[in-house]
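Here is a short report on one protein chain. Keep the model in view as you read.

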Amino acid sequence: MAEKIYVLILCSGYERQGWIATQLVAELLRSKSEVGALIQIDFVMDESPHSHARNVAVEKFLKSGVPWLVMFDNDSATISSYVQAIEEMKTNDLWVAGMPTPFCHRNDNGLLKMNVYRKTSAGAQGYVDVPPKWIDVDYVGGSALIVHRSVFGSLKRPFFKFILNAADDGISQAEDFY
């Protein structure tokens with residue numbers, strides 16, 4: 001890992017203030033000890049809605065000059081190393097990815113909620129168990145995004161925009177890439 005990584009944690013909105021999932025903290029500490037000074041950690045607080053907070057995060061990242069952005073929602077838990085993911089992305093010429101992450105709260109069945117979905121005849125259905133590796137999915141939430149700086153140069157602002165009923169496929173709202 002020769003390139004720097006800018007890690008931004010979104011702690012915005014009334015439900016996200018003042019806490020970070022312990023699983024996320026553990027991964028940040030592990031990765032920081034693994035590659036040290038190459039990881040810069042920052043936070044976005046007191047910004048809402050989430051789409052606005054994500055745009056604030058990107059603007060902070062763009063001012064940093066660092067080539068890679070890793071953006072986590074504070075309620076996410078990683079199931080694989082984002083440092084390793086970036087190495088695999090560079091090897092495969094990938095410049096943007098959503099990492100499958102469980103949310104740190106449970107659904108009605110007592111299972112961790114995931115941020116990845118597949119298309120079905122009934123609409124978008126969330127995965128319950130996602131293997132800790134790269135997989136193709138139909139949708140991924142923005143709770144753990146990895147983006148190379150060059151991607152933002154080809155997109156128009158705002159990078160993130162809240163859209164209600166954006167598609168006729170079971171996804172009723174979005175705040176991820178616009």
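Predicted model: local features only at pLDDT ≥ 70, side-chain atom pairs only at ≥ 80, totals over all residues.

Two residues are in contact when heavy atoms of theirs lie within 4.5 Å.

**A buried residue in a strand**

Start with Phe 72 in strand β3. Is Phe 72 buried or exposed? Its relative accessibility is 0%, so Phe 72 counts as buried. Now set aside its neighbours within four places in sequence. Phe 72 then contacts Val 7, Leu 8, Ile 9, Leu 10, Leu 24, Thr 78, Tyr 82, Ser 143 and Ala 144. Look at Ser 143 in that list. Phe 72 and Ser 143 are 71 residues apart in sequence, yet their C-alpha atoms are 5.3 Å apart in space.

**The whole chain**

The chain has 178 residues, and 42% of them count as buried. Its secondary structure comes to 4 helices and 12 strands. Take the contacts with a separation of 6 or more: 66% of them join residues 24 or more positions apart. The chain exposes about 9,400 Å². Carbon and sulfur atoms supply 53% of that area.

**Helix α3**

Helix α3 covers residues 82-91. Which of its residues are buried? They are Tyr 82, Val 83, Ala 85, Ile 86 and Met 89. Seen down the axis of α3, these buried residues fall within an arc of 160 degrees, so they line one face of the helix. They pack against the helix α1 (22-35). They also pack against the strands β1 (5-11), β2 (39-45), β3 (68-73), β4 (96-98) and β10 (144-148).

Both ends of α3 have something to show. Just after the helix, Asp 93 takes a positive phi of about 55 degrees.

**Salt bridges**

The structure holds 7 salt bridges.

| Lys 90 | Glu 3 | 3.5 Å |

Lys 90 is partly exposed, at 24% relative accessible area. Glu 3 is partly exposed too, at 27%. Glu 3, Glu 87 and Lys 90 are linked in a network of salt bridges.

Arg 30 and Glu 34 are 4 residues apart in helix α1, which means about one helical turn separates them. Arg 30 is partly exposed at 33%, and Glu 34 is partly exposed at 45%.

Arg 157 lies in the loop between α4 (149-153) and β11 (163-164), and Glu 59 in helix α2, so the pair ties together parts 98 residues apart in sequence. Arg 157 counts as exposed at 54%, whereas Glu 59 counts as partly exposed at 29%.

Ile 41 sits in strand β2. Its relative accessibility is 33%, so Ile 41 counts as partly exposed. Together with Phe 43 and Met 45, Ile 41 makes a nonpolar surface patch of about 250 Å².

Val 56 is in helix α2 (residues 50-64). Its C-alpha atom is 9.7 Å from that of Met 45, 11 residues away in sequence. Beyond its neighbours within four places in sequence, Val 56 contacts Val 44 and Glu 47.

Technical notes: Residues numbered from 1 in each chain as written. Heavy atoms only, no water. Buried < 20%, exposed > 50% of the residue type's maximum accessible area, 1.4 Å probe, protein only. Helix = DSSP H or I, 4+ residues; strand = E, 2+ residues; numbered from the N terminus. Arc of directions from axis to C-beta. Patch = residues over 30% accessible without salt bridge, like charges linked within 9 Å, V, L, I, M, F, W, Y side chains within 5 Å. Areas by Shrake-Rupley, 256 points an atom, 1.4 Å probe, with all protein chains shown as cover. Salt bridge = Lys/Arg side-chain N within 4 Å of Asp/Glu carboxyl O.
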